[in-house]
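Good morning, everyone, and thank you for making the time.

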Amino acid sequence: MEPKTLVEHFSEIEDPRRPGYAHRHDLVEILVITVCAMFSEVEGFEDIADWARVKEPWLRRFLKLKNGIASHDTFERVFRVLDPKAFEAAFRNWIGSVLPAFGQIAVDGKSLRGSADGQAGPLHMVSAFATELGLVLGQEAVADKSNEITAIPVLLQALALKGCLVSIDAMGCQKEIASTIVSRGADYLLAVKNNQPTLRAALEDAFADVPVHGFEHTERAHGRTVLQHAQVITNRGHIDTALWPACQRLGRIVSLRATGANRPALETRYYISSAALDHQALYAAARNHWGIENNLHWSLDVIFREDASKVRKDNGPQNLALIRKIILNLVRQDTAHPKASFKKRRKMAGWDDDERMRVLGIMPL
């Protein structure tokens with residue numbers, strides 16, 4: 001049985017508008033038009049509506065458009081009132097149905113700087129990212145006057161974690177988060193910084209007399225040389241497993257960065273993990289985790305210009321953030337142009353109507 005298409009998952013989202021005249025433009029059609037428009041480097045509801053009017057003959061190849069193209073006000077109203085939880089659920093069901101096997105999930109947060117509105121600060125989103133595949137698994141908005149600590153458990157509870165290694169930066173190094181991950185049949189790799197001073201001190205003590213033996217990697221690029229030494233030891237009572245459940249490995253990565261004539265910079269990072277990692281596996285997992293910065297956050301900022309978006313009201317910023325991640329996943333899953341960069345593949349689908357239809361998996365009426 002073929003998995004449901006993205007559009008079929010869209011059809012399962014409940015329309016938040018009141019019955020009657022407000023429904024004259026179909027919700028699924030509005031969502032599909034928005035995805036198509038933002039594929040074409042369009043941002044903002046007025047531009048989406050303008051793009052749709054120009055592309056109306058093409059859109060009618062696969063959409064009924066019974067009442068024509070909606071106004072930009074209609075697009076804006078729909079995205080402001082659309083339940084982000086329902087939209088997120090449809091997204092997760094879609095991506096979950098097409099995912100191949102993967103082993104690591106990186107969790108990290110990013111602010112949408114342009115979404116700040118008056119006294120209200122910018123929306124902050126926590127995303128889960130399949131590091132080997134470069135695909136977004138889900139997102140969760142951080143509540144006002146809160147932080148990532150509250151959003152991460154909610155996101156984790158919504159994902160299928162079993163058998164995966166979940167890596168989180170120091171903000172997510174919390175006992176409750178570690179417990180949630182283990183209870184879901186997964187392992188954790190948590191970075192430890194000064195926000196956990198007692199834990200950090202225990203790790204420093206544990207490594208104080210350990211012989212210098214581990215995995216080393218040297219990387220030279222763009223005039224910079226980075227030497228990294230990764231080391232893992234078994235937790236033999238250094239860390240209380242009643243507080244940090246199933247913690248069996250302690251990790252340390254020492255990085256030496258040299259750029260030109262500048263003085264080399266030394267950095268030491270510590271980790272705890274419930275997985276039976278060795279030296280090289282720790283290095284690989286830590287490196288994979290930071291792929292979320294380059295392969296997700298960088299793409300959203302530079303290619304999708306997310307921080308420049310001025311959509312600010314109600315659920316609009318969160319829902320459009322998910323549209324960008326839908327497009328990112330669609331492009332990353334497409335294998336028709338394996339040698340082309342992500343940026344180029346997105347442009348090709350934006351410029352060519354037939355290419356866009358193919359990547360979206362849309363069939364003509």
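This is a predicted model: local features need pLDDT of at least 70, side-chain atom pairs count only at pLDDT 80 or more; totals for chains, interfaces and linings use all residues.

**The nonpolar cores**

Let me begin with the largest nonpolar core, which has 60 residues, and in which F10, I33, F39, L59, F62, F87 and L330 are those with the most contacts inside the core. Helix α2 gives the most to this core, with 11 residues. There is also a second, separate core of 35 residues, and among its members are L137, A178, L199 and I233. As background for those of you who are new to this, nonpolar side chains tend to be buried together in soluble globular proteins.

If we leave out residues up to four places away in sequence, F10 touches V28, L31, V32, V35, F87 and I326. The other residue is L59, which lies in helix α4, and because its relative accessibility is 0%, under the 20% cut-off, L59 counts as buried. With the sequence neighbours up to four places away again left out, L59 touches I33, W51, A52, L65 and I69. The C-alpha atoms of L59 and D353 are separated by 9.5 Å, although these two residues are 294 residues apart along the chain.

**Two helices side by side**

How do helix α6 and helix α12 pack, and at what angle? Helix α6, residues 84-98, and helix α12, residues 316-333, have axes 10 Å apart and pack at an angle of about 10 degrees, and since angles under 35 degrees count as roughly parallel, that is the description for α6 and α12. On the α6 side we find P84, F87, E88, F91, W94, I95 and V98, and these meet Q318, N319, L322, I323, K325, I326, N329, L330 and Q333 in α12. Sorted by type, the residues of this contact are 10 nonpolar, four polar and two charged.

**Residues in the loops**

Now let us turn to some loops. A246 is found in the loop between β7 and β8, and at 39% relative accessibility A246 counts as partly exposed.

Is E306, in its loop, buried or exposed? E306 sits between α11 and α12, and because its relative accessibility is 3%, E306 counts as buried. The side chain of E306 makes a polar contact with the side chain of R324, at 3.1 Å. Beyond its neighbours within four places in sequence, E306 is in contact with K110, L112, L300, D301, A321 and R324.

S40 is in the loop between α2 and α3, and at 16% relative accessibility S40 counts as buried. Neighbours within four places in sequence aside, S40 is in contact with W51, G350 and R356.

**The start of a helix**

At the start of α10, a side-chain oxygen of D278 reaches to within 3.3 Å of the backbone nitrogen of Q280.

Terms used:
Residues are numbered from 1 along each chain as its sequence is written. Side-chain values use heavy atoms; hydrogens and water are left out. Axes are lines fitted to C-alpha atoms, for helices over the stretch in contact, and angles run from 0 to 180 degrees between N-to-C directions. Helices (H or I, at least four residues) and strands (E, at least two) are DSSP runs, numbered from the N terminus. Angles under 35 degrees count as roughly parallel, over 145 as roughly antiparallel, 65 to 115 as roughly perpendicular and the rest as oblique. Contact means heavy atoms within 4.5 Å. Ala, Val, Leu, Ile, Met, Phe, Trp, Tyr, Cys and Pro count as nonpolar, Asp, Glu, Lys and Arg as charged, and the others, Gly among them, as polar. Buried means under 20% relative accessible area, exposed over 50%, partly exposed in between (1.4 Å probe, protein chains only). A polar contact is a pair of N or O atoms within 3.5 Å; within protein, one must be able to donate a hydrogen and the other to accept it, and residues adjacent in sequence count only if both atoms are side-chain atoms. A nonpolar core is a set of buried Ala, Val, Leu, Ile, Met, Phe, Trp, Tyr and Cys residues joined through side-chain atoms within 4.5 Å.
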